[in-house]
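Here are my notes on this model. Please read them with the structure open.

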Amino acid sequence: MMQHGLSGTATLGPSGTGSSDYREPKRRSKPRKTSAICALNYPNKESFGFLLTAASLWTKSGATPERPADTRIGNDPQLTHVTLVWREGQHEDWIKFGRPIAERIVSRSERIESYMAGQVFALVRWASNDYGTVRSTLDVVQAVCLGEHCATVPQVDPGGELLLSVHGWPKVAQIFRLIDAIEASGIDACDVAPEHWRHIHNRMAGRLTPREYGPARHQAWLQRKALLS
(Lines give C-alpha, C1' and ligand atoms only; values in the text may rest on other atoms or scores of the structure.)
Protein backbone atom coordinates (compact mmCIF):
# COMPACT_ATOMS: atom_id res chain seq x y z
CA MET A 1 0.00 0.00 0.00
CA MET A 2 1.30 3.44 -0.91
CA GLN A 3 2.23 5.74 1.96
CA HIS A 4 1.51 9.40 1.44
CA GLY A 5 2.85 12.49 3.13
CA LEU A 6 1.32 15.74 4.29
CA SER A 7 -0.34 16.66 1.01
CA GLY A 8 -0.92 13.13 -0.14
CA THR A 9 1.83 12.82 -2.68
CA ALA A 10 3.77 9.60 -2.31
CA THR A 11 7.40 9.88 -1.32
CA LEU A 12 8.52 7.34 -3.88
CA GLY A 13 10.63 7.11 -7.00
CA PRO A 14 10.86 9.48 -9.97
CA SER A 15 7.54 8.39 -11.44
CA GLY A 16 5.56 8.76 -8.23
CA THR A 17 4.19 5.22 -8.07
CA GLY A 18 5.22 2.58 -5.60
CA SER A 19 4.39 -0.54 -7.61
CA SER A 20 3.55 -1.63 -11.13
CA ASP A 21 0.05 -2.96 -10.48
CA TYR A 22 -1.50 0.35 -11.69
CA ARG A 23 -4.52 -0.11 -9.47
CA GLU A 24 -7.05 2.68 -9.30
CA PRO A 25 -7.35 4.46 -5.93
CA LYS A 26 -10.11 3.15 -3.70
CA ARG A 27 -13.11 5.30 -2.95
CA ARG A 28 -14.63 5.60 0.50
CA SER A 29 -16.25 2.29 1.48
CA LYS A 30 -18.97 3.99 3.50
CA PRO A 31 -20.85 7.25 3.00
CA ARG A 32 -19.55 10.12 5.04
CA LYS A 33 -21.31 10.56 8.35
CA THR A 34 -22.87 13.90 9.10
CA SER A 35 -22.24 15.41 12.49
CA ALA A 36 -25.05 15.91 14.92
CA ILE A 37 -26.89 19.19 14.52
CA CYS A 38 -26.69 21.40 17.56
CA ALA A 39 -28.02 24.86 18.35
CA LEU A 40 -25.45 27.48 17.40
CA ASN A 41 -26.57 30.08 19.88
CA TYR A 42 -23.38 31.43 21.39
CA PRO A 43 -20.51 33.54 20.04
CA ASN A 44 -16.85 32.60 19.87
CA LYS A 45 -13.61 34.09 18.63
CA GLU A 46 -14.48 33.32 15.00
CA SER A 47 -18.09 34.55 14.92
CA PHE A 48 -17.22 38.22 15.43
CA GLY A 49 -20.05 38.70 17.92
CA PHE A 50 -22.69 36.98 15.81
CA LEU A 51 -24.42 33.92 17.26
CA LEU A 52 -23.62 31.67 14.32
CA THR A 53 -20.85 29.16 14.92
CA ALA A 54 -19.88 26.65 17.54
CA ALA A 55 -16.80 27.21 19.66
CA SER A 56 -13.55 25.95 18.17
CA LEU A 57 -11.96 22.89 19.72
CA TRP A 58 -8.21 23.55 20.00
CA THR A 59 -5.67 21.00 21.05
CA LYS A 60 -3.83 23.52 23.20
CA SER A 61 -5.83 25.58 25.67
CA GLY A 62 -5.94 29.18 24.56
CA ALA A 63 -3.43 28.63 21.75
CA THR A 64 -4.18 29.06 18.07
CA PRO A 65 -3.51 25.89 16.02
CA GLU A 66 -0.12 26.01 14.34
CA ARG A 67 -0.01 26.13 10.55
CA PRO A 68 2.41 23.91 8.65
CA ALA A 69 5.67 25.66 7.90
CA ASP A 70 6.01 26.92 4.33
CA THR A 71 8.86 25.45 2.35
CA ARG A 72 10.25 27.19 -0.72
CA ILE A 73 7.50 29.62 -1.67
CA GLY A 74 7.23 30.41 -5.36
CA ASN A 75 5.48 33.78 -5.79
CA ASP A 76 7.20 34.62 -9.07
CA PRO A 77 4.42 35.46 -11.61
CA GLN A 78 6.50 33.81 -14.33
CA LEU A 79 6.18 30.43 -12.63
CA THR A 80 3.45 27.90 -13.31
CA HIS A 81 1.68 26.87 -10.12
CA VAL A 82 0.00 23.47 -9.69
CA THR A 83 -2.49 22.93 -6.86
CA LEU A 84 -2.56 19.40 -5.44
CA VAL A 85 -5.36 18.22 -3.17
CA TRP A 86 -5.37 14.96 -1.24
CA ARG A 87 -8.47 13.70 0.58
CA GLU A 88 -8.02 9.97 0.58
CA GLY A 89 -10.80 8.05 -1.11
CA GLN A 90 -12.49 11.25 -2.22
CA HIS A 91 -10.12 13.58 -4.08
CA GLU A 92 -6.55 12.52 -4.86
CA ASP A 93 -4.10 14.52 -6.99
CA TRP A 94 -0.43 13.75 -7.48
CA ILE A 95 2.48 14.46 -9.78
CA LYS A 96 3.46 11.37 -11.75
CA PHE A 97 6.71 13.02 -12.76
CA GLY A 98 8.08 16.53 -12.47
CA ARG A 99 10.83 18.58 -10.82
CA PRO A 100 9.23 21.56 -9.08
CA ILE A 101 11.53 24.44 -8.18
CA ALA A 102 9.26 25.67 -5.36
CA GLU A 103 6.63 24.26 -3.05
CA ARG A 104 4.17 25.76 -0.59
CA ILE A 105 2.08 23.78 1.89
CA VAL A 106 -1.36 25.35 2.19
CA SER A 107 -2.96 22.85 4.57
CA ARG A 108 -2.78 19.20 5.53
CA SER A 109 -4.69 18.30 2.37
CA GLU A 110 -3.42 20.89 -0.11
CA ARG A 111 -0.13 22.16 -1.45
CA ILE A 112 1.12 24.16 -4.43
CA GLU A 113 4.11 23.23 -6.61
CA SER A 114 5.77 25.69 -8.97
CA TYR A 115 7.56 25.05 -12.28
CA MET A 116 9.73 27.20 -14.55
CA ALA A 117 8.90 27.82 -18.20
CA GLY A 118 9.88 24.83 -20.33
CA GLN A 119 9.61 22.26 -17.55
CA VAL A 120 7.36 19.27 -18.20
CA PHE A 121 5.27 17.52 -15.57
CA ALA A 122 2.44 14.98 -15.42
CA LEU A 123 -0.59 15.76 -13.26
CA VAL A 124 -2.91 12.94 -12.18
CA ARG A 125 -6.36 13.85 -10.83
CA TRP A 126 -8.77 11.30 -9.39
CA ALA A 127 -12.07 11.82 -7.60
CA SER A 128 -15.00 9.71 -6.44
CA ASN A 129 -18.27 9.97 -4.60
CA ASP A 130 -20.48 7.47 -2.79
CA TYR A 131 -21.42 5.84 -6.13
CA GLY A 132 -17.97 5.34 -7.62
CA THR A 133 -15.25 7.11 -9.60
CA VAL A 134 -16.26 10.42 -11.14
CA ARG A 135 -12.88 11.52 -12.54
CA SER A 136 -9.61 9.88 -13.62
CA THR A 137 -7.34 12.07 -15.72
CA LEU A 138 -3.66 12.40 -16.56
CA ASP A 139 -2.29 15.54 -18.22
CA VAL A 140 1.28 16.03 -19.39
CA VAL A 141 1.87 19.78 -19.37
CA GLN A 142 4.78 21.99 -20.35
CA ALA A 143 5.06 25.25 -18.37
CA VAL A 144 5.05 28.38 -20.56
CA CYS A 145 6.54 31.86 -20.31
CA LEU A 146 4.55 34.79 -18.95
CA GLY A 147 2.16 36.14 -21.60
CA GLU A 148 2.61 33.15 -23.90
CA HIS A 149 -0.49 31.50 -25.34
CA CYS A 150 -1.44 28.37 -23.40
CA ALA A 151 -4.24 25.91 -22.80
CA THR A 152 -6.45 26.00 -19.72
CA VAL A 153 -5.67 23.05 -17.45
CA PRO A 154 -7.61 22.50 -14.21
CA GLN A 155 -5.57 23.31 -11.08
CA VAL A 156 -2.72 24.70 -13.21
CA ASP A 157 -2.21 28.48 -13.03
CA PRO A 158 -2.06 30.16 -15.49
CA GLY A 159 -2.24 27.04 -17.67
CA GLY A 160 0.32 25.45 -19.96
CA GLU A 161 1.03 23.72 -23.22
CA LEU A 162 -1.01 20.53 -23.06
CA LEU A 163 1.11 17.77 -24.58
CA LEU A 164 -1.01 14.78 -23.61
CA SER A 165 -4.39 14.33 -21.94
CA VAL A 166 -6.26 11.09 -21.21
CA HIS A 167 -9.45 10.36 -19.32
CA GLY A 168 -10.51 7.11 -17.67
CA TRP A 169 -8.42 4.87 -15.46
CA PRO A 170 -7.59 2.23 -18.12
CA LYS A 171 -5.94 4.92 -20.27
CA VAL A 172 -4.26 6.50 -17.26
CA ALA A 173 -2.81 3.10 -16.32
CA GLN A 174 -1.60 2.63 -19.90
CA ILE A 175 0.31 5.92 -19.70
CA PHE A 176 1.79 4.79 -16.38
CA ARG A 177 3.18 1.69 -18.12
CA LEU A 178 4.68 3.79 -20.92
CA ILE A 179 6.30 6.14 -18.39
CA ASP A 180 7.69 3.22 -16.39
CA ALA A 181 9.12 1.70 -19.59
CA ILE A 182 10.89 4.99 -20.38
CA GLU A 183 12.34 5.22 -16.87
CA ALA A 184 13.38 1.56 -16.95
CA SER A 185 15.66 2.44 -19.89
CA GLY A 186 17.44 4.99 -17.69
CA ILE A 187 15.69 8.11 -19.02
CA ASP A 188 14.04 10.62 -16.72
CA ALA A 189 10.48 11.22 -17.93
CA CYS A 190 10.94 14.95 -17.24
CA ASP A 191 13.58 15.10 -20.00
CA VAL A 192 11.63 13.25 -22.70
CA ALA A 193 11.08 15.15 -25.95
CA PRO A 194 7.75 17.03 -25.77
CA GLU A 195 6.92 15.77 -29.28
CA HIS A 196 6.89 12.22 -27.91
CA TRP A 197 4.05 13.02 -25.49
CA ARG A 198 2.09 14.55 -28.39
CA HIS A 199 2.81 11.40 -30.39
CA ILE A 200 1.45 9.22 -27.57
CA HIS A 201 -1.67 11.39 -27.28
CA ASN A 202 -2.40 11.15 -31.01
CA ARG A 203 -1.70 7.42 -31.24
CA MET A 204 -3.94 6.66 -28.27
CA ALA A 205 -6.69 8.84 -29.73
CA GLY A 206 -6.51 6.67 -32.85
CA ARG A 207 -6.34 3.47 -30.74
CA LEU A 208 -2.87 2.73 -32.06
CA THR A 209 0.26 1.61 -30.24
CA PRO A 210 2.77 4.43 -29.59
CA ARG A 211 6.38 4.05 -30.66
CA GLU A 212 8.94 3.20 -28.01
CA TYR A 213 11.16 5.92 -26.64
CA GLY A 214 14.64 4.53 -26.10
CA PRO A 215 18.15 5.90 -25.52
CA ALA A 216 18.85 6.40 -29.24
CA ARG A 217 15.71 8.50 -29.77
CA HIS A 218 16.40 10.42 -26.58
CA GLN A 219 19.99 11.17 -27.60
CA ALA A 220 18.72 12.50 -30.94
CA TRP A 221 16.35 14.81 -29.05
CA LEU A 222 19.13 16.08 -26.77
CA GLN A 223 21.35 16.88 -29.78
CA ARG A 224 18.49 18.70 -31.50
CA LYS A 225 17.74 20.61 -28.30
CA ALA A 226 21.38 21.68 -28.04
CA LEU A 227 21.32 23.01 -31.61
CA LEU A 228 18.12 25.00 -31.00
CA SER A 229 19.36 26.55 -27.76
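1. First, a term: the expected span of a helix is 1.5 Å times one less than its number of residues. Helices (H or I, at least four residues) and strands (E, at least two) are DSSP runs, numbered from the N terminus. This is a predicted model: local features need pLDDT of at least 70, side-chain atom pairs count only at pLDDT 80 or more, and totals for chains, interfaces and linings use all residues. Residues are numbered from 1 along each chain as its sequence is written, and side-chain values use heavy atoms, with hydrogens and water left out.

2. Helix α1 has 16 residues. From first C-alpha to last it reaches 22 Å, close to the 22 Å expected at 1.5 Å a residue. Gly186 follows α1, with a positive phi near 90°.

3. Buried means under 20% relative accessible area, exposed over 50%, partly exposed in between (1.4 Å probe, protein chains only). Among the buried residues of α1 are Trp169, Ile175, Phe176 and Asp180. The buried residues of α1 pack against β2, β5, β6, β8 and α2 (contact: heavy atoms within 4.5 Å).

4. A nonpolar core is a set of buried Ala, Val, Leu, Ile, Met, Phe, Trp, Tyr and Cys residues joined through side-chain atoms within 4.5 Å. The largest one has 30 residues. Its largest share, seven residues, comes from α1. Val140 is among the residues with the most contacts inside this core.

5. Look at Glu92 in strand β2. Is Glu92 buried or exposed? Glu92 is buried, at 5% relative accessible area. Its side chain reaches the backbone nitrogen of Gly89 at 2.7 Å.

Terms used. Polar contact = N/O pair within 3.5 Å; in protein donor to acceptor, adjacent residues only side chain to side chain.
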